[in-house]
Amino acid sequence: LEITGIGKAPSTGLRQGVVINIEATMKAVSEAIESAEMMSGREVYSVVTGIAGGHIEGINSRGVVAVAGKGREIAPEDVSRVIDAAKAIVIPMDREVLHVIPQEFIVDDQGGIRDPLGMIGIRLESEVHIITGSVTSAQNLIKCVNRAGFRVDNIVLQSLASSKSVL
(Lines give C-alpha, C1' and ligand atoms only; values in the text may rest on other atoms or scores of the structure.)
Protein backbone atom coordinates (compact mmCIF):
# COMPACT_ATOMS: atom_id res chain seq x y z
CA LEU A 1 0.00 0.00 0.00
CA GLU A 2 1.34 3.40 -0.97
CA ILE A 3 -0.38 6.61 0.09
CA THR A 4 -0.05 9.03 -2.81
CA GLY A 5 -2.21 11.85 -1.54
CA ILE A 6 -4.01 13.13 1.51
CA GLY A 7 -6.84 15.63 1.62
CA LYS A 8 -8.11 17.50 4.63
CA ALA A 9 -10.81 20.11 5.04
CA PRO A 10 -12.72 21.51 8.01
CA SER A 11 -16.33 20.34 8.15
CA THR A 12 -19.12 22.12 9.94
CA GLY A 13 -21.78 19.99 8.26
CA LEU A 14 -21.31 16.93 10.46
CA ARG A 15 -22.06 16.48 14.14
CA GLN A 16 -21.02 13.23 15.83
CA GLY A 17 -20.81 11.49 12.45
CA VAL A 18 -24.27 12.55 11.26
CA VAL A 19 -24.95 15.04 8.44
CA ILE A 20 -26.63 18.16 9.80
CA ASN A 21 -25.91 20.45 6.84
CA ILE A 22 -25.74 18.94 3.34
CA GLU A 23 -24.16 21.97 1.64
CA ALA A 24 -21.39 22.36 4.23
CA THR A 25 -20.63 18.62 4.17
CA MET A 26 -20.60 18.57 0.36
CA LYS A 27 -18.18 21.51 0.32
CA ALA A 28 -15.84 19.81 2.82
CA VAL A 29 -15.88 16.56 0.79
CA SER A 30 -15.04 18.46 -2.41
CA GLU A 31 -12.19 20.40 -0.77
CA ALA A 32 -10.66 17.32 0.86
CA ILE A 33 -10.77 15.23 -2.32
CA GLU A 34 -9.47 18.12 -4.42
CA SER A 35 -6.53 18.48 -2.04
CA ALA A 36 -5.81 14.73 -2.25
CA GLU A 37 -6.01 14.87 -6.07
CA MET A 38 -3.52 17.74 -6.20
CA MET A 39 -1.07 15.94 -3.91
CA SER A 40 -1.32 12.62 -5.76
CA GLY A 41 -1.55 13.95 -9.29
CA ARG A 42 -4.50 11.63 -9.93
CA GLU A 43 -8.18 12.21 -10.45
CA VAL A 44 -10.69 10.66 -8.04
CA TYR A 45 -13.97 9.32 -9.40
CA SER A 46 -15.19 7.05 -6.62
CA VAL A 47 -14.66 6.72 -2.88
CA VAL A 48 -15.11 4.38 0.05
CA THR A 49 -16.93 6.42 2.68
CA GLY A 50 -16.57 5.98 6.43
CA ILE A 51 -19.65 6.20 8.62
CA ALA A 52 -19.83 6.73 12.38
CA GLY A 53 -22.13 8.14 15.01
CA GLY A 54 -24.53 7.26 17.76
CA HIS A 55 -26.84 5.48 15.33
CA ILE A 56 -24.35 2.62 14.86
CA GLU A 57 -25.31 -0.56 16.75
CA GLY A 58 -23.83 -4.02 17.08
CA ILE A 59 -25.72 -7.29 17.54
CA ASN A 60 -24.33 -10.77 18.15
CA SER A 61 -25.98 -13.62 16.27
CA ARG A 62 -25.51 -17.33 15.66
CA GLY A 63 -26.20 -19.51 12.62
CA VAL A 64 -26.31 -23.29 12.19
CA VAL A 65 -26.23 -25.44 9.03
CA ALA A 66 -25.61 -29.05 8.11
CA VAL A 67 -22.38 -29.63 6.17
CA ALA A 68 -23.42 -30.51 2.62
CA GLY A 69 -20.01 -31.07 1.02
CA LYS A 70 -18.65 -34.32 -0.37
CA GLY A 71 -17.30 -36.51 2.43
CA ARG A 72 -18.62 -33.93 4.97
CA GLU A 73 -15.67 -31.64 4.22
CA ILE A 74 -16.46 -28.00 4.92
CA ALA A 75 -16.34 -26.00 1.68
CA PRO A 76 -16.56 -22.23 1.06
CA GLU A 77 -20.27 -22.69 0.21
CA ASP A 78 -20.89 -24.13 3.70
CA VAL A 79 -19.15 -21.14 5.31
CA SER A 80 -21.25 -18.73 3.20
CA ARG A 81 -24.46 -20.55 4.12
CA VAL A 82 -23.74 -20.51 7.87
CA ILE A 83 -22.88 -16.79 7.79
CA ASP A 84 -26.10 -16.14 5.83
CA ALA A 85 -28.01 -18.12 8.46
CA ALA A 86 -26.44 -16.02 11.23
CA LYS A 87 -27.31 -12.73 9.56
CA ALA A 88 -30.94 -13.75 8.96
CA ILE A 89 -32.24 -11.63 11.83
CA VAL A 90 -35.05 -9.13 11.94
CA ILE A 91 -33.87 -5.53 12.02
CA PRO A 92 -36.08 -2.42 11.98
CA MET A 93 -36.93 -0.90 8.59
CA ASP A 94 -34.97 2.27 9.40
CA ARG A 95 -31.69 0.32 9.83
CA GLU A 96 -29.37 -1.45 7.42
CA VAL A 97 -26.61 -4.02 7.85
CA LEU A 98 -23.18 -2.46 7.31
CA HIS A 99 -20.96 -5.44 8.22
CA VAL A 100 -21.20 -9.06 9.27
CA ILE A 101 -18.00 -10.01 11.11
CA PRO A 102 -17.47 -13.72 11.84
CA GLN A 103 -16.08 -14.16 15.36
CA GLU A 104 -15.76 -17.93 15.57
CA PHE A 105 -16.93 -21.16 13.99
CA ILE A 106 -18.04 -24.30 15.79
CA VAL A 107 -17.74 -27.71 14.10
CA ASP A 108 -19.66 -30.54 15.79
CA ASP A 109 -19.66 -28.70 19.16
CA GLN A 110 -15.91 -27.94 18.94
CA GLY A 111 -15.57 -24.16 19.30
CA GLY A 112 -12.81 -21.61 18.89
CA ILE A 113 -12.25 -22.30 15.19
CA ARG A 114 -11.20 -19.29 13.10
CA ASP A 115 -11.30 -20.94 9.65
CA PRO A 116 -13.24 -24.21 9.25
CA LEU A 117 -12.40 -24.73 5.56
CA GLY A 118 -11.28 -28.29 4.84
CA MET A 119 -12.33 -29.65 8.23
CA ILE A 120 -14.64 -32.67 8.43
CA GLY A 121 -17.93 -32.30 10.27
CA ILE A 122 -21.67 -32.74 10.23
CA ARG A 123 -22.84 -29.51 11.89
CA LEU A 124 -21.31 -26.08 11.28
CA GLU A 125 -22.15 -23.10 13.48
CA SER A 126 -20.98 -19.50 13.30
CA GLU A 127 -21.02 -16.68 15.78
CA VAL A 128 -21.03 -13.29 14.09
CA HIS A 129 -21.18 -9.64 15.06
CA ILE A 130 -23.63 -7.69 12.91
CA ILE A 131 -23.09 -3.93 12.66
CA THR A 132 -26.10 -1.86 11.64
CA GLY A 133 -26.63 1.82 11.00
CA SER A 134 -29.41 4.26 10.25
CA VAL A 135 -30.57 4.10 6.62
CA THR A 136 -31.22 7.85 6.52
CA SER A 137 -27.77 8.71 7.91
CA ALA A 138 -26.14 6.56 5.23
CA GLN A 139 -28.34 8.04 2.49
CA ASN A 140 -27.51 11.61 3.57
CA LEU A 141 -23.80 10.80 3.53
CA ILE A 142 -24.05 9.23 0.06
CA LYS A 143 -26.07 12.23 -1.16
CA CYS A 144 -23.34 14.64 -0.01
CA VAL A 145 -20.60 12.66 -1.75
CA ASN A 146 -22.66 12.27 -4.95
CA ARG A 147 -23.51 15.99 -5.04
CA ALA A 148 -19.81 16.74 -4.63
CA GLY A 149 -19.30 14.84 -7.91
CA PHE A 150 -18.08 11.43 -6.72
CA ARG A 151 -19.50 7.91 -6.63
CA VAL A 152 -19.64 5.94 -3.35
CA ASP A 153 -18.30 2.42 -3.92
CA ASN A 154 -18.92 1.29 -0.36
CA ILE A 155 -19.79 2.52 3.12
CA VAL A 156 -17.57 1.22 5.91
CA LEU A 157 -17.77 1.71 9.66
CA GLN A 158 -15.18 4.43 10.34
CA SER A 159 -13.36 2.53 13.10
CA LEU A 160 -13.05 -0.57 10.88
CA ALA A 161 -11.79 1.54 7.96
CA SER A 162 -9.17 3.15 10.20
CA SER A 163 -7.99 -0.18 11.61
CA LYS A 164 -7.79 -1.83 8.18
CA SER A 165 -5.84 1.10 6.77
CA VAL A 166 -3.07 0.71 9.34
CA LEU A 167 -2.94 -3.09 9.68
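**Start at R95**

Select R95: this residue is buried, with a relative accessible area of 13%. Buried means under 20% relative accessible area, exposed means over 50%, and partly exposed lies in between (1.4 Å probe, protein chains only). You are looking at a predicted model, in which local features need pLDDT of at least 70 and side-chain atom pairs count only at pLDDT 80 or more, while totals for chains, interfaces and linings use all residues. Residues are numbered from 1 along each chain as its sequence is written, and side-chain values use heavy atoms, with hydrogens and water left out.

R95 forms a salt bridge with E57, and the closest N and O atoms are 3.7 Å apart. A salt bridge here is a side-chain nitrogen of Lys or Arg within 4 Å of a carboxyl oxygen of Asp or Glu. R95 belongs to strand β5 (residues 95-107) and E57 to strand β4, so the pair ties together parts that are 38 residues apart in sequence. Helices (H or I, at least four residues) and strands (E, at least two) are DSSP runs, numbered from the N terminus.

Side chains of opposite charge can pair when their charged atoms come close. How many salt bridges does a search of the whole structure find? The search finds 9.

Select E125 and R62. They form a salt bridge, with the closest N and O atoms 3.1 Å apart. This pair links distant parts of the chain: E125 sits in strand β7 (residues 123-134) and R62 in strand β4, 63 residues apart. Is E125 buried or exposed? E125 counts as buried, because its relative accessibility is 5%. R62 counts as partly exposed, at 45%.

R62, R123, E125 and E127 are linked in a network of salt bridges.

Move to helix α2 and pick D78 and R81. Their side chains meet in a salt bridge, 2.9 Å from N to O. Both residues lie in α2, 3 residues apart, which is about one turn of the helix. D78 is buried, with a relative accessible area of 2%. R81 is partly exposed, at 35%.

**The largest pocket**

Rolling a probe the size of a water molecule over the atoms shows where empty space is left. Select I33, V47, V48, T49 and G50. Among the 35 residues that line the largest pocket, these lie nearest its centre. Elements giving two or more residues to this lining are α1 (22-40), β3 (46-51), α3 (135-147) and α4 (158-166).

The largest pocket has a volume of about 1,100 Å³. On a 1 Å grid over the protein atoms alone, a pocket is an open set of points with protein on both sides within 12 Å along at least five of seven lines, where a cavity is a set of points where a 1.4 Å probe fits but cannot get out; lining residues have an atom within 4 Å of a point. Grid points are joined across faces, edges and corners, and the volume is the space filled by probe spheres set on the points.

Which element gives the largest share of the lining? Colour α1, which supplies 7 residues. By class, the lining holds 19 nonpolar, 13 polar and 3 charged residues. Ala, Val, Leu, Ile, Met, Phe, Trp, Tyr, Cys and Pro count as nonpolar, Asp, Glu, Lys and Arg as charged, and the others, Gly among them, as polar.

**Positive phi angles**

Select Q16, in the loop between β1 and β2 (18-19). Q16 is not a glycine, yet its phi is positive, about 50°. Q16 is exposed, with a relative accessible area of 68%.

Next, R72, in the loop between β4 (57-66) and α2 (76-86). R72 is not a glycine either, and has a positive phi of about 60°. R72 is partly exposed, at 40%.

**Two distances to draw**

Find G13, in the segment before β1. G13 counts as buried, at 0% relative accessibility. Draw a line from G13 to V82: they are 69 residues apart in sequence and 41 Å apart in space, C-alpha to C-alpha.

Then select S134, in strand β7. S134 is buried, at 12%. S134 and Q103 are 31 residues apart in sequence and 23 Å apart in space, C-alpha to C-alpha.
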